[in-house]
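Trainee: I have the model open. Can we walk through its pockets and its ligand?

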Amino acid sequence: MKLPPALKALLAQAIGTATALAAARSGMLPGGLWPVVVVQALAATATATALGSAPWWRWIHLGFAPLVVVALQLNIAPGWYLAAFIGFALVFWSSFRTRVPMFLSNRATAAAVAEQLPRNRPSRLLDLGSGTGSLLRPLAQMRPDCRLEGIESAPAPYALSVLLTRREPTIAVARGDFFDIPWSDYDLVYAFLSPVPMAEVWRKASAELRPGALLVSNSFPVEGIDPDHIIDVDDRRHTRLYCYRPAGPAYQQKSGITGL
Ligand SMILES: C[S@@+](CC[C@H](N)C(=O)[O-])C[C@H]1O[C@@H](n2cnc3c(N)ncnc32)[C@H](O)[C@@H]1O
């Protein structure tokens, strides 16, 4: 079903709760709290499955109500829940909407990206969703001649990236949405996101990147588009970089640009 995942999750929990309450009122369940909790969890999981939620949502629904009950029995002061909520919100911010989680590039990946920057001249790189600056910081050591920029929407990683890059004159980080800024001034645009935004990333890269500029996507290919080349990074997570030239030969033929 074509509903946003967060709405499907809300529906699954609401239907699970309504089913459990109805079963308890009808006298079908043995006494006590746990039979109600088990019915809620099973009904929420069944609803999520019927709505076509991703498999990990089913496990979340199965564990959600039992964990709430266990947590309530631990008598944790409510302030801790508020603190955890605020902490997660500051780190993950709009992940529920963008469906891009928070994970960081490693040094081996930064070295592979450094190899993709033009060697004969200083160039400009943009990291889409720059997190804590974990790609930009090692890159600044490897390519001190280049201008390295990042844009990040979540407040906590952004604040940390500002702190960690304060002594790096070639790095600039900004807070905002990378879809709202032009990408036309960059030689390389780097993305480590998720499969969800890749079609939109590709549309914007195709519309804005200049001929010869490279779009490098860590781990998530653009569906239906052949990469210019692929890099297998020699790291523990077997990082794969999909490298595209959106304004490549096809663009040059269409627009009559030659000799680039
Ligand atoms: C997987 S992390 C990658 C962090 C960093 N680029 C790296 O490679 O270490 C993706 C980041 O993109 C951010 N993000 C997702 N969508 C965004 C958007 N539209 N504009 C700005 N940042 C975004 C998330 O908040 C998250 O911090």
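Trainee: What volume does the largest pocket have?
Mentor: This is a predicted model, where local features need pLDDT of at least 70, side-chain atom pairs count only at pLDDT 80 or more, and totals for chains, interfaces and linings use all residues. Residues are numbered from 1 along each chain as its sequence is written, and side-chain values use heavy atoms, without hydrogens and water. A pocket is an open set of points on a 1 Å grid over the protein atoms alone, where a 1.4 Å probe fits, with protein on both sides within 12 Å along at least five of seven lines. Probe spheres set on the points fill a volume, and for the largest pocket that is about 1,200 Å³.

Trainee: Which element gives the largest share of the lining of the largest pocket?
Mentor: The lining (residues with an atom within 4 Å of a point) has 30 residues, with Ala-6, Trp-57 and Ile-60 among those nearest the centre. Helices H1 (5-25), H3 (55-73), H4 (78-92) and H5 (95-98) each give two or more; helices here are DSSP runs (H or I, at least four residues). Seven residues, the largest share, come from H1.

Trainee: Which pocket is the space taken by the ligand?
Mentor: A molecule sits in a pocket if more than half of its atoms lie within 2 Å of its grid points. The space taken by the ligand is the second largest pocket.

Trainee: Which element gives the most to the lining of the second largest pocket?
Mentor: This pocket has a volume of about 550 Å³. Its lining has 33 residues, including Thr-98, Ser-153 and Phe-178 near the centre. With three residues, the most comes from H5.

Trainee: Which side chain has an N or O atom 2.8 Å from an oxygen atom of the ligand?
Mentor: Polar contacts are pairs of N or O atoms within 3.5 Å. Ligand nitrogen atoms lie 3.2 Å from a polar backbone atom of Ser-153 and 3.1 Å from a backbone N or O atom of Phe-178. The side chain at 2.8 Å from a ligand oxygen belongs to Ser-134.

Trainee: How much of the ligand does the protein bury?
Mentor: Accessible areas use the Shrake-Rupley method with a 1.4 Å probe. Alone, the ligand exposes 600 Å², and the buried part is 98%.

Definitions and conventions: A polar contact is a pair of N or O atoms within 3.5 Å; within protein, one must be able to donate a hydrogen and the other to accept it, and residues adjacent in sequence count only if both atoms are side-chain atoms.
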